[in-house]
Amino acid sequence: MSNTLSDITVKLNVETPSVPVNMGNLALFVKGDKQNVEGFNSYEDLQKVYGSNDLVKQVANGYFSQDDHGNKLFVITYTDVATAATDYYGEGWEFATVIPGVKVVAPSVGDQGKEKEAVTVDTTNDLADTVALSNFIDGKKERFAVVGLPATNENVEKISDTKKAFGNSPRTIIFVSGTNQAEAEYGIGGLVGAVGNETVGSVTWKFRKIGGVKPVDLTVTQIQKLHENNAFTYVTKAALDQTSEGKTLSGEFIDALHGDDWVKASLETELQKLLSNSKKITFDSAGIAQIDATVTAVLTTATNNGIISENPETKAGEFSVYTASRAESSDEDVAQRNYTGLKFSYTRSGAIHTVKVNGQINI
């Protein structure tokens, strides 16, 4: 993906007229006095380092408490959030959140020559950092920013203003849960942990159960107001606890964008493997055919996983791959060994979120 050492560039243009590695990993951005990144494979390991930071622990607990959580959680300490996101973009996180209202101060060395535990001090919760991370991710056109809000009357009333602050971001998720900020942070950790690492394309983010999260005490009208602003929450339907929707602030469905990220990441990975593992990919019909086959294989897997729609008659994925011949390539591209003739398109599979039933009673 971007900001990683690669010979492959994949651009996706989404037209809306009518599992590689790390697709479920979460990064926590925490204000600090220097920039740093640490990766954790368990809640216990994180607790040893951030035991005094309640909100970091809450997100991590929610994340690692889910059965199918990603294989790693990152804590990125930042002085400037966009700079830190750029510096640590290659760490392999797909989702990111800013921990509000805290600052991590680097540990100092005590009298016995041992590091003291990192100190956490309260600071003013600056929405600007969260918006800055959202803007950074929007600019990349991949990955997701996740924001947790407590399910209070006040937050519901001002949800349109909150949405406006993020500019209808296509890559920002607002999940409303819990009665306070600590519970809201657990909620976003649980949301990503429960759904983010499922086989991309196989699940929608609506109807999902999150361990440890309680349904909110909001009225139907309040929940509708959240949905009107493309935020969502956690409710009980048909005696089952579940997420109430699964959209980003722009109204895009999370699973659709996550599927696009999977296709992009998989193409980058598989094409890079093709180049790296081959003695030589010749700039002729034989070499171009290998590129075509690699892309077709990725898109076929995307179809099998539920990202790409299936043709009802042929059962094949509704995608197309075009590879220009050497004769169609410019002399400069051939001389520079730069193949630019690959194009592809696909139709998203979508999902059913509501059902309308028309019945008839015969007497």
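Val-195, Glu-198, Thr-199, Val-200, Gly-201, Val-203, Trp-205, Asp-255 and His-258 line the largest cavity of this predicted model. The volume of this cavity is about 40 Å³. Elsewhere, charged side chains pair up: the structure holds eleven salt bridges.

**Cavity lining**
- Four lining residues of the largest cavity are nonpolar, three are polar and two are charged.
- Trp-205 and His-258 are among the residues that line the largest cavity.

**A salt bridge within one helix**
- Asp-45 pairs with Lys-48 in a salt bridge, with 4.0 Å between the closest N and O atoms.
- Both residues belong to helix H1 (residues 43-49); they sit three residues apart, so about one helical turn separates them.
- Asp-45 is partly exposed, at 33% relative accessible area.
- Lys-48 is exposed, at 67%.

**Salt bridges between distant parts of the chain**
- Asp-261 forms a salt bridge with Arg-171, and their closest N and O atoms are 2.9 Å apart.
- This pair spans 90 residues: Asp-261 lies in helix H9 (residues 254-277), and Arg-171 lies in the loop between helix H6 (159-165) and strand E7 (172-176).
- Asp-261 counts as buried because its relative accessibility is 2%. Arg-171 is buried at 6%.
- Arg-348 and Asp-260 form a salt bridge at 2.5 Å, N to O.
- Here 88 residues separate the partners: Arg-348 is in the segment after strand E11 (342-346), and Asp-260 is in helix H9.
- Arg-348 is partly exposed, at 24% relative accessible area, whereas Asp-260 is buried, at 4%.

**A network**
- Salt bridges link Glu-142, Lys-264 and Glu-268 in a network.

Note on methods
Residues numbered from 1 in each chain as written. Predicted model: local features only at pLDDT ≥ 70, side-chain atom pairs only at ≥ 80, totals over all residues. Heavy atoms only, no water. 1 Å grid on protein atoms, 1.4 Å probe; cavity = no way out; pocket = protein on both sides within 12 Å on 5 of 7 lines; lining within 4 Å. Points joined across faces, edges and corners; volume = space filled by probe spheres on them. Nonpolar A, V, L, I, M, F, W, Y, C, P; charged D, E, K, R; others polar. Helix = DSSP H or I, 4+ residues; strand = E, 2+ residues; numbered from the N terminus. Buried < 20%, exposed > 50% of the residue type's maximum accessible area, 1.4 Å probe, protein only.
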